[in-house]
Amino acid sequence: MDRRGADGGHAGLLNVIDLEATCWDGQPPPGAVSEIIEIGLAVVDLDARERVARHRILVRPVRSRVGAFCTELTGITQAEADRGVSLARACDTLTREHGAGARPWASWGDYDREQLVRQCAADGVPFPFGRPAERAHTNAKAVFTEAHGLRRRPGMARALEIAGLPLEGRHHRGVDDAWNIAALVLRLAAQDAWPGSC
């Protein structure tokens, strides 16, 4: 739990989200769809310019399974995913314990926002970050690309190289990726390139 509680009342707090989902080397098996299996969250205090908390929520898939390719990529096994919570409970946790809907949030690119919107709609789960989904969301990849004058939007690992920052933890583990994206957000804020950081 971060130091300032769950109500999102501290104006300088930003939730950085990174999702991992079931995936395959090629097409999914018949009837399977890509589903969230991990929600990684890093809390950034933009006023203090520091990362203040990190959290991991494992989510149990119901229309797909975690195969060998997905485990190799994310490190998450089917047995771990089976111990996860439902998407509804994960979203409730984001809202109640981590200020989702009250705080602005960011992710690396639009995949995470679009996946969460799509899966919440499919499962009949209230979207935890409020409506519309775009309102409080910042695409950190787009901000980084513009701030560095790049022609193409880099992946997170490449962005860390460009920024001269280390890759902390395991790439494609949601909680570690969120922590690394949070470091990139802070670097952008230090350059007055993050929206509202000037």
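R51 is partly exposed, at 23% relative accessibility; buried stands for under 20% relative accessible area, exposed for over 50%, and partly exposed for what falls in between (1.4 Å probe, protein chains only). The structure is a predicted model, in which local features need pLDDT of at least 70 and side-chain atom pairs count only at pLDDT 80 or more, while totals for chains, interfaces and linings use all residues. Residues are numbered from 1 along each chain as its sequence is written, and side-chain values use heavy atoms, with hydrogens and water left out.

**Salt bridges**

The partner of R51 is E168, and their side chains form a salt bridge with N and O 3.1 Å apart. This pair joins distant parts of the chain: R51 belongs to strand β3 (residues 50-58), E168 to the loop between α6 and α7, and 117 residues separate them. Helices (H or I, at least four residues) and strands (E, at least two) are DSSP runs, numbered from the N terminus. E168 is also partly exposed, at 30% relative accessibility.

In total there are 8 salt bridges, counted where a side-chain nitrogen of Lys or Arg lies within 4 Å of a carboxyl oxygen of Asp or Glu.

| Pair | N to O distance | Relative accessibility |
|---|---|---|
| R51 and E168 | 3.1 Å | R51 23%, E168 30% |
| D92 and R96 | 2.6 Å | D92 36%, R96 47% |
| R113 and E114 | 4.0 Å | R113 10%, E114 38% |

D92 and R96 sit 4 residues apart in helix α3 (residues 87-98), about one turn of the helix. An α-helix has 3.6 residues a turn, so residues three or four places apart point the same way. Shared partners put D110, R113 and E114 into one salt-bridge network.

**Nonpolar cores**

The largest nonpolar core has 26 residues, and the members that touch the most others are L14, V16, W108, L184, V185 and W194. Such a core is a set of buried Ala, Val, Leu, Ile, Met, Phe, Trp, Tyr and Cys residues joined through side-chain atoms within 4.5 Å. Two or more residues each come from β1 (13-21), β2 (36-45), α5 (140-147), α6 (156-163) and α7 (174-190). Helix α7 supplies the largest share, 10 residues. A separate core of 22 residues includes I36, A100, C120 and F129.

What surrounds W194? Beyond the neighbours within four places in sequence, W194 is in contact with L14, L46, A106, T138, A140, V143, V185, L188 and A189; contact means heavy atoms within 4.5 Å.

**Helix α5**

Buried residues in α5 are A140, A142, V143, F144 and T145. Among the elements that cover them are β4 (105-107), β5 (137-139), α6 and α7. N139 caps the N-terminal end of this helix, with a side-chain oxygen 3.0 Å from the backbone nitrogen of K141. This is a polar contact, a pair of N or O atoms within 3.5 Å; within protein, one must be able to donate a hydrogen and the other to accept it, and residues adjacent in sequence count only if both atoms are side-chain atoms. After α5 comes G149, with a positive phi near 60°.

**T74 and helix α1**

T74 lies in helix α1 (residues 68-74) and is buried, at 1% relative accessibility. Its side chain comes to 3.0 Å from the backbone nitrogen of I76. With neighbours within four places in sequence set aside, T74 is in contact with E20, I37, R170, H172 and R173.

**Aromatic pairs**

The whole structure holds 4 aromatic pairs. Rings of Phe, Tyr and Trp (its six-membered ring) pair if their centres lie within 6.5 Å; planes under 30 degrees apart count as stacked, over 60 as edge-to-face and the rest as tilted. W105, F127 and F129 form a cluster through ring pairs.

**Cysteines**

How many disulfides are found in the whole structure? The search gives 0, with a disulfide taken as a pair of cysteine sulfur atoms within 2.5 Å. C23 is buried, with a relative accessible area of 18%. C91 is likewise in no disulfide, and its nearest cysteine sulfur, that of C120, is 3.9 Å away. C91 is buried, at 3% relative accessibility.
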